[in-house]
Amino acid sequence: MSAGTGSAPVRYLLERAWVDGVVRDDVLVEIEDGRFTRVEVARESGGLSGDETPGNPRSPRPAGEIEILPGLTLPGLANAHSHAFHRALRGRTQAAGCEGPGSFWTWRDQMYAVAGRLDPDSLLALATGVYREMAAAGIATVGEFHYLHHDPEGRPYADPNEMGLALVEAARRAGVRLALLDTCYLSAGLGADRTVRPVEGVQRRFSDGDAETWAARVDALAARTARDDRTVVGAAIHSVRAVPADQIPTIVAAAQGRPLHVHLSEQRRENDDCRAAYALTPTQLLHDQGALGPMTTAVHATHLTEDDRDRLGGTSTAVCLCPTTERDLGDGIGPARALHDAGARLTLGSDSHAVVDLFEEMRAVELDERLATERRGHWSAAALLDAATAHATLGFPDAGAIAVGQRADLVTVDTRSVRTAGTGADEHTAVFAATAADVTRTVVDGRTVFRRGDEAAIGRELDTAIAAIAALARGKEVG
């Protein structure tokens, strides 16, 4: 089912749908050229205007012209933080942490091993499978925090943006929108005397040498994709340990009018190193360099001072929490409610893809804070749904609502599965009972990109792509 340019309108009757912050029964939507042109809720008497209820003998249109979507339909979800290639690590990094000591830093060594052997073809194959997995989980837009730019020796490819363009193509094949957050990464860390450690090993693939060279490459990429309304080229500061303070203003200037994302205070060691080098917290450093503001998203924001929270909130900076990754890596629990109360907007991401399930990310925000505070009731289901449908921080402000004029994204959830049966079929079902496995249909810009039953093919695609990457490590080809 599609609604391409010039196509006839497509019409769905949604059994239940999240519209204007409320779950409503019998919502008729009409889609044309990828946008909602009509969103009409059944009258209290049970009929739609024009008496167009499918199956009604007085309806002027045959019932077959309106497709009924049973279950609970939500706006398309937004995955605000992704590293697609990390998906190859799922299930392979747990020995350090389950069977012995491990940390973010030991996990990073394993991540670097995968980063060292990817090329444009293997990245395309893997990212296509990952983005299809996201579509199956109801994700319409993905923010890809992309720093794997160059060849294994750190040399630019013949096309310096070949790796980024592989991600653009992967998103196109999967049918999801992409915010390509091209990431500046220039150093291996900070010394106490403010010396910058040069990149080493696989990090050479990440670095453009300086922020001006990075900005020129990103401008060229943005020009290549300028006519693609399903792709936004944004910017990212990897972290204050990977970008020296004097380079940050160049990135901020290059990002004007675009989304700007940054890893912030994910680890206590990052905070300690930043204080030792600059006598500032990472948040203070970013603020002083002009990097915070309404177009900026701070990812993780786990270990913050009260002043840090006030700076983020006071600048209307968004914060992206990734609870399943933060839990997997032992990062800690971020102060989500305190950040929101200070004025920061909440978004969600699957980050390392230990799990691709924004339903789990939603409820984890509330449940993890319950563990940290020994108290319930920090977030309403509606507020968490707002966080999971926040496309604006990825450069798509016209997505995230079932409303006339908005991009036509729909995610239908089975309300009669073994997980959701009897839960009320409302926003609480979506946030506190459903999982990605309950998604039955995903529509992005009016096009169906996932139907229940596609899972096996997506699994085979991922298995093949990840096996090929593992074979590269063994120096063999997969037959």
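Strand β12 and strand β13 (residues 318–321) run parallel and are joined by three bridges. Pairing requires at least two bridges found by DSSP. Helices (H or I, at least four residues) and strands (E, at least two) are DSSP runs, numbered from the N terminus. Thr297 stands opposite Ala318 in β13. From β12 the chain passes through helix α9 (residues 306–314) to β13, in a right-handed β-α-β crossover. Right-handed denotes a clockwise path from the first strand over the helix to the second, with the strands pointing away from the viewer.

The model is predicted: local features need pLDDT of at least 70, side-chain atom pairs count only at pLDDT 80 or more, and totals for chains, interfaces and linings use all residues. Residues are numbered from 1 along each chain as its sequence is written, and side-chain values use heavy atoms, without hydrogens and water.

Strand β12 (residues 296–300) is largely enclosed by the rest of the structure, because five of its five residues are buried. Buried means under 20% relative accessible area (1.4 Å probe, protein chains only). Strand β11 (residues 260–264) also pairs with β12, in the parallel sense, over five bridges. Val299 of β12 is the bridge partner of His263.

Thr389 lies in the loop between α13 (381–388) and β15 (410–413). Thr389 is buried, at a relative accessible area of 10%. A polar atom of its side chain lies 2.8 Å from the backbone oxygen of Leu385. Beyond neighbours within four places in sequence, Thr389 is in contact (heavy atoms within 4.5 Å) with Pro75, Gly76, Leu77, Ala78, Ala399 and Gly400.

How values were computed. Buried means under 20% relative accessible area, exposed over 50%, partly exposed in between (1.4 Å probe, protein chains only). A polar contact is a pair of N or O atoms within 3.5 Å; within protein, one must be able to donate a hydrogen and the other to accept it, and residues adjacent in sequence count only if both atoms are side-chain atoms.
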